[in-house]
Amino acid sequence: MRIVYYGSKDWPILDQKLLPYLFIDSYHSWEQSIGNRSGFIIGEFCVLPFREYKNFLFNSIQFLHPPLDFSGQAMPPEQEKYFLDRLMEYIKKEKICASIIPPFLMDVFQAVPKNAVYAPLGNYFIDLENQSVEMIFSNFRKNYKLEIKKAESLDFTILNGVDQFPIFYKMYANNHESQGIAFDSFSYIEKLTQKLGDENCVCSVLYYQGIPQCGLIFAFTKHSGIYLYGGNAAKIASPGFMKLLQYKAIQFLKEKHVKKYIVGACRLGDLSGTKFEGIQAFKKRFGCELKEGFIWKMDFSKSVSIYRNLRVIGLKVIRKPFYSDIIDFERKRLKIES
């Protein structure tokens, strides 16, 4: 087992088409451009991408995706468990970091290492490889199909490209600000779209009578397309426009021979009456399949946990929106005992 940082002379040559976008060189070039250190943990049969955070007290590692073999396939759960247990031992022995923080939500782990704090989570996806566009559309919820067909009859235009990003970002930011939810900065997302380029990223905006209605950003390789960001105007002319835009994304990915479209994370258990109920219903109604698994974290020092708790308290006091710890939130919601 070894750790390789982007830019080092022993940076591995991986097949950029077989693995998700989080494994490709242009993604790690973006991490470097925004001041992060990123790389791979390479095992005998698998690879795991990560980014590193440092502050004046300690450093943390965030896993960007569960481990995959070099052809882009997930390992069996028992093999993943063995790899993760060995990895935690390696990190502690070499004192590589003080903590493993909650991962990116692009996929779920199939196993949890010993002594980790975890929460169950799911992932919604659409199988593109084994279905025609017509089959995929037929799996959409009935009202989605009707709304999309109605939207298609209207005077709309869809424009794709980096030049659409400022228009997209205004809708994205307004949506989050109105809900008091933390969101990524303009430069953070813009640099990502620029680094990935047209070969691995699409920024798409739908206009009706020349007025922007909604937009989305997704990244892709042959392995998978991943829905990253979405936003819509405060007043949208047709409820079918965002659904139509997702349908066009699916058509685009099919034309590029992408194997699956990852629509997003899925919280498990009863969501009745919560703000997540509508969000997940929107995803599910595209005929998505559900992959269930786990996300997890680990602190190697009690002082790390104390610092993180104090930081959250401070942010709450000044009422500043921040990305909450999804693992702690889900454990509390699902009443998982420590």
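**A strand covered on both sides, and what surrounds it**

Both faces of β8 are covered, with C201, C203, V205 and Y207 buried on one side and V202, S204, L206 and Y208 buried on the other. Buried here means under 20% relative accessible area, with exposed set at over 50% and partly exposed in between, using a 1.4 Å probe and protein chains only. Strands (E, at least two residues) and helices (H or I, at least four) are DSSP runs, numbered from the N terminus. In a regular strand, side chains alternate between the two faces of the sheet. For β8, 8 of the 8 residues are buried, so the strand is largely enclosed by the rest of the structure.

A word on the model itself: it is predicted, so local features need pLDDT of at least 70 and side-chain atom pairs count only at pLDDT 80 or more, while totals for chains, interfaces and linings use all residues. Residues are numbered from 1 along each chain as its sequence is written, and side-chain values use heavy atoms, with hydrogens and water left out.

β8 belongs to the following sheet. The sheet is open and has 12 strands in the order β1-β2-β3-β4-β5-β12-β6-β11-β10-β9-β8-β7, with mixed pairing. Two strands pair if DSSP finds at least two bridges between them. At the edges stand β1 (2–5) and β7 (156–160), each with a single partner strand, so one side of each is left without a neighbour in the sheet. On average, neighbouring strands are turned by 30° against each other, direction ignored. On one flank of β8, 5 bridges join it to β7 in an antiparallel run, and I158 has L206 as its bridge partner in β8. On the other, β8 and β9 pair in the antiparallel sense over 8 bridges, with P212 of β9 as the bridge partner of Y207. The hairpin of β8 and β9 has 2 residues between the strands, and there Q209 takes a positive phi near 55°.

Elsewhere in the sheet, β5 (residues 99–101) and β12 (residues 289–299) run antiparallel and are joined by 2 bridges; S99 has D299 as its bridge partner in β12. Helices also pack on the sheet. Helix α6 (residues 186–200) touches β3 (47–54), β8 (201–208), β9 (211–220) and β10, and its direction makes about 65° with that of β9. Helix α10 (residues 326–333) touches β6 (117–127) and β12, and its direction makes about 100° with that of β6. Contact means heavy atoms within 4.5 Å. Axes are lines fitted to C-alpha atoms, for helices over the stretch in contact, and angles run from 0 to 180 degrees between N-to-C directions.

The nonpolar interior comes next. A nonpolar core is a set of buried Ala, Val, Leu, Ile, Met, Phe, Trp, Tyr and Cys residues joined through side-chain atoms within 4.5 Å. Of the 38 residues in the largest core, Y21, L22, Y27, F168, L196, I217 and L228 touch the most other members. The elements giving two or more residues to this core are α1 (25–33), β2 (37–42), α5 (165–179), α6, β8, β9 and β10, and α5 gives the most, with 6 residues. Leaving out residues up to four places away in sequence, I217 touches a list that includes F168, C201, V202, C203 and L228. A second, separate core of 33 residues includes V133, I148, L244 and L253.

Helices α4 (residues 142–152) and α7 (residues 241–255) have axes that come within 8 Å and cross at roughly 90°. The two are therefore roughly perpendicular to each other, the label used for 65 to 115 degrees, with under 35 roughly parallel, over 145 roughly antiparallel and the rest oblique. Y144, E147, I148, A151 and E152 of α4 meet F241, K243, L244, Y247 and K248 of α7. S238, in the loop between β10 (225–232) and α7, is buried, with a relative accessible area of 5%. Leaving aside neighbours within four places in sequence, S238 is in contact with A151 and L154. K150, found in α4, is exposed at 60%.

N115, between β5 and β6, has a positive phi of about 70° although it is not a glycine, and is exposed at 62% relative accessible area. H257, between α7 and β11 (260–266), has a positive phi of about 60° and is likewise not a glycine; H257 is exposed at 61%.
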